[in-house]
Amino acid sequence: MKKIFIMFIAFAMLCIACETDFDVNAEWEETMVIYGLLDLNTDTQYVKISKAFLGEMDALEMAQYADSINFGSYDTSGNYIDELAVKIYKWKFNEIKDSVALTAVPTIRDAGIFNENIVVYEFVNNNSFLENEYEYELVIDSGSVNIVSSRTKLVESFSFDNMANQFKFYKPLNPDTTKFTLETIKWSDANNATMYQLTVRINYTENNDTLYLDWRQPLESTENLTILEGKSFFSFLEASKELEVNTPNTVRRFQTIDLYLTAGTADLYTYMQVNEPITGIVQQRPYFTNINNGIGLFSSRYSLVKKGMVLSDDTKDYVRDNLGLSFESN
């Protein structure tokens, strides 16, 4: 769950960085920053809410104060006093069918230039609050700014197509030009989704420790498939800092392969594209938000998981004999 929090913070900070036209002499104005993704396949839902700030002090100095980046405050006993009313409304046919109030959860994030105290709002998807074919509206009232809101449809459930339970990235009996093979991962359409990203989790043991590597694939927005290349798989292992051999007694063994496939909305896809690292001559970043009276993103994704796949013996033997990464055959 900590990783999810970190992802929320990273996206929110990126969103803050999108604004380029600040007037340092302008009258102070409170700006709410939102990042939340509803996920029909996850029990607990999270929305990160913070504020953009501008003042007369040095920005790095102001960032050290919790009230510069968070709404609410702490009393003398360290208890958090929330000042936001956060709700999500369930709509269909222009009528509100249900609603849920989100609870503020003060959280300590990893160290950085900002104060370590952040606030994440959450609710548990009980009684099928999240359902296909409904629209969901986030409404936030702080009492001091205009009502902040945003709407999204849900990315609906989908599934992997039938596939073998084994990855064969190397076939030694094939001709030289086809020894390194391809594995194709296919899936069905997810309604309201326009982007997909597959992560291949490689589980292994190192001496007595159970570890994993995440091999993340490029975003796919045109076809419902991702092709895994054998050569790319071996190159990924060779380039992984986690596999640098530090002692002559290191022994590693492959365990299982898990697939994590995330489908996202058009808004999420646009937000991610806008916030990619700038590599061209033009350094000004374009701006995107779907939040009314605030900045950020409120949208949806669907997280699909398939566990327990394995590597073929020939693939493991190739790693053992050619990559020098201290892997042994099981």
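Strand β5 (residues 85–92) runs antiparallel to β6, and six bridges join the two. Helices and strands here are DSSP runs, H or I of at least four residues for helices and E of at least two for strands, numbered from the N terminus. Two strands count as paired if DSSP finds at least two bridges between them.

The model is predicted, so local features need pLDDT of at least 70 and side-chain atom pairs count only at pLDDT 80 or more, while totals for chains, interfaces and linings use all residues. Residues are numbered from 1 along each chain as its sequence is written, and side-chain values use heavy atoms, with hydrogens and water left out.

The β5 and β6 strands belong to an open sheet of four strands in the order β6-β5-β9-β10, with antiparallel pairing. At the edges stand β6 (95–101) and β10 (148–153), each with a single partner strand, so one side of each has no neighbour in the sheet. From one strand to the next the twist averages 20°.

Gly 36 has Val 47 in β2 as its bridge partner. Eight of the nine residues of β2 (residues 44–52) are buried, so this strand is largely enclosed by the rest of the structure. Buried means under 20% relative accessible area, exposed means over 50%, and partly exposed lies in between, with a 1.4 Å probe and protein chains only.

Strand β13 (residues 195–206) is mostly covered, with twelve of its twelve residues buried. In a regular strand the side chains alternate between the two faces of the sheet. In β13 both faces are covered: the buried residues include Met 195 and Arg 201 on one side, and Tyr 196 and Glu 206 on the other.

Two strands that pair with β13 can be followed from here. With strand β16 (residues 252–264), β13 pairs in the antiparallel sense over eleven bridges, and Leu 198 stands opposite Leu 261 in β16. With β14, the pairing is antiparallel over eight bridges, and Asn 203 stands opposite Tyr 212. β13 and β14 form a hairpin with two residues between them, and Asn 207 in the turn has a positive phi of about 55°.

Thr 210 is found in strand β14 (residues 209–216). The residue is exposed, with a relative accessible area of 67%. Leaving aside neighbours within four places in sequence, Thr 210 is in contact (heavy atoms within 4.5 Å) with Tyr 204 and Thr 205. Thr 210 and Arg 253 are 43 residues apart in sequence and 9.7 Å apart in space, C-alpha to C-alpha.

The last feature is a helix pair. Two packed helices are described by the angle between their axes and the distance between the axes. The axes of α4 (residues 230–239) and α6 (residues 313–322) come within 12 Å and cross at roughly 40°. Axes are lines fitted to C-alpha atoms, for helices over the stretch in contact, and angles run from 0 to 180 degrees between N-to-C directions. α4 and α6 are therefore oblique to each other; angles under 35 degrees count as roughly parallel, over 145 as roughly antiparallel, 65 to 115 as roughly perpendicular and the rest as oblique. Phe 233, Phe 234 and Leu 237 in α4 meet Thr 315, Tyr 318 and Val 319 in α6.
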